[in-house]
Amino acid sequence: MTHSLTFAMIKPDAVAAKYTGPIIDMIEQAGFDIRALKLTTLAINDASLFYRVHKDRPFYTSMCRSIARGPIVAMVLEKENAVVDFRKLIGATDPAEAEVGTIRARFGKSIEANAIHGSDAHETATAEMGHFFPYLELTSFLLRK
Ligand code: CMP
């Protein structure tokens with residue numbers, strides 16, 4: 001199987017709790033290579049755009065506010081089967097239901113403050129990477145293929 005990319009975002013709750021280092025350690029120990037990384041803060045408009053696929057959900061407004069609350073760490077990760085394997089590594093959306101040993105089981109506080117986001121499909125990953133990293137920043141990876 002060829003290597004592929006996925007997008008990850010350490011959420012404001014986890015960054016504020018100083019979990020960035022331990023979370024990145026878990027990601028690298030699980031075999032992912034970090035291809036791009038950025039500490040930034042989302043304006044509420046950016047958050048609404050980022051989560052627009054959820055715009056009809058009852059928790060949309062609260063979810064956008066929580067993601068715009070403070071700095072986040074955005075990353076592009078590379079690994080064989082990256083999207084699926086990263087979803088396994090982060091665990092279920094609700095940390096209370098996440099399997100022991102997953103990032104959310106270890107660092108998540110609630111369904112909203114669940115420490116980390118990971119793309120759910122290749123198409124979403126492409127869109128989410130593009131949201132944070134302009135195409136040019138990713139060309140070094142793409143040209144290597
Ligand atoms: P994430 O993987 O970032 O994708 C969408 C987010 O919506 C999810 O993590 C949760 O943080 C949030 N979410 C999902 N379900 C709920 C819910 N029932 N109430 C509040 N937030 C939710």
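A polar contact is a pair of N or O atoms within 3.5 Å; within protein, one atom must be able to donate a hydrogen and the other to accept it, and residues adjacent in sequence count only if both atoms are side-chain atoms. The model is predicted: local features need pLDDT of at least 70, side-chain atom pairs count only at pLDDT 80 or more, and totals for chains, interfaces and linings use all residues. Residues are numbered from 1 along each chain as its sequence is written, and side-chain values use heavy atoms, with hydrogens and water left out.

**The ligand and its surroundings**

- The residues around the ligand are Lys 11, Tyr 51, His 54, Phe 59, Met 63, Thr 93, Arg 104, Ile 111, Glu 112, Asn 114 and His 117, where a residue is near a molecule or strand if one of its heavy atoms lies within 4 Å of it.
- A polar backbone atom of Ile 111 is 2.7 Å from an oxygen atom of the ligand.
- In the side chain of His 117, an N or O atom is 2.9 Å from an oxygen atom of the ligand.

- Asn 114 lies in the loop between α6 (103-107) and β4 (116-118); helices (H or I, at least four residues) and strands (E, at least two) are DSSP runs, numbered from the N terminus.
- Asn 114 counts as buried because its relative accessibility is 2%; buried means under 20% relative accessible area, exposed over 50%, and partly exposed in between (1.4 Å probe, protein chains only).
- The side chains of Asn 114 and Lys 11 make a polar contact at 2.7 Å.
- Not counting residues up to four places away in sequence, Asn 114 touches Lys 11, Asp 13, Thr 93, Pro 95, Arg 104 and Gly 108 (contact means heavy atoms within 4.5 Å).

**Strand pairing**

- Strand β1 (residues 3-10) is largely enclosed by the rest of the structure, because seven of its eight residues are buried.
- β1 runs antiparallel to strand β3 (residues 72-80), and eight bridges join them; two strands pair if DSSP finds at least two bridges between them.
- Thr 6 has Leu 77 of β3 as its bridge partner, and Ala 8 stands opposite Met 75 in β3.
- β1 also pairs with β4, in the antiparallel sense, over three bridges; the partner of Met 9 in β4 is His 117.
- Strand β2 (residues 33-40) is joined to β3 by seven bridges, and these strands run antiparallel.
- Lys 38 stands opposite Ala 74 in β3.
- Eight of the nine residues of β3 are buried, so β3 is largely enclosed by the rest of the structure.

**Nonpolar cores**

- The largest nonpolar core has 21 residues, and those with the most contacts inside it are Phe 7, Met 9, Tyr 51, Phe 132 and Phe 133; a nonpolar core is a set of buried Ala, Val, Leu, Ile, Met, Phe, Trp, Tyr and Cys residues joined through side-chain atoms within 4.5 Å.
- At least two residues of this core come from each of β1, α3 (44-50), α4 (60-67), β3 and α7 (122-132), and α4 gives the most, with four residues.
- Leaving aside neighbours within four places in sequence, the residues in contact with Phe 7 include Phe 50, Ala 74, Met 75, His 117, Met 129, Phe 132 and Phe 133.
- Another core, of 20 residues, lies apart from the largest one, and Val 15, Ile 27, Phe 86 and Leu 89 are among its members.

**Helix α5**

- Ala 82, Val 83, Asp 85, Phe 86, Leu 89 and Ile 90 are buried in α5.
- The buried residues of α5 pack against β1, α2 (20-29), β3, α6, β4 and α7.
- Asp 85, in helix α5 (residues 82-90), is buried with a relative accessible area of 18%.
- Apart from neighbours within four places in sequence, Asp 85 is in contact with Phe 32, Lys 79 and Glu 80.

**Cys 64**

- Cys 64 is in helix α4 and counts as buried at 2% relative accessibility.
- Setting aside neighbours within four places in sequence, Cys 64 is in contact with Ile 44, Ala 47, Ser 48 and Tyr 51.
- Cys 64 and Glu 112 are 48 residues apart along the chain, and their C-alpha atoms are separated by 9.9 Å.
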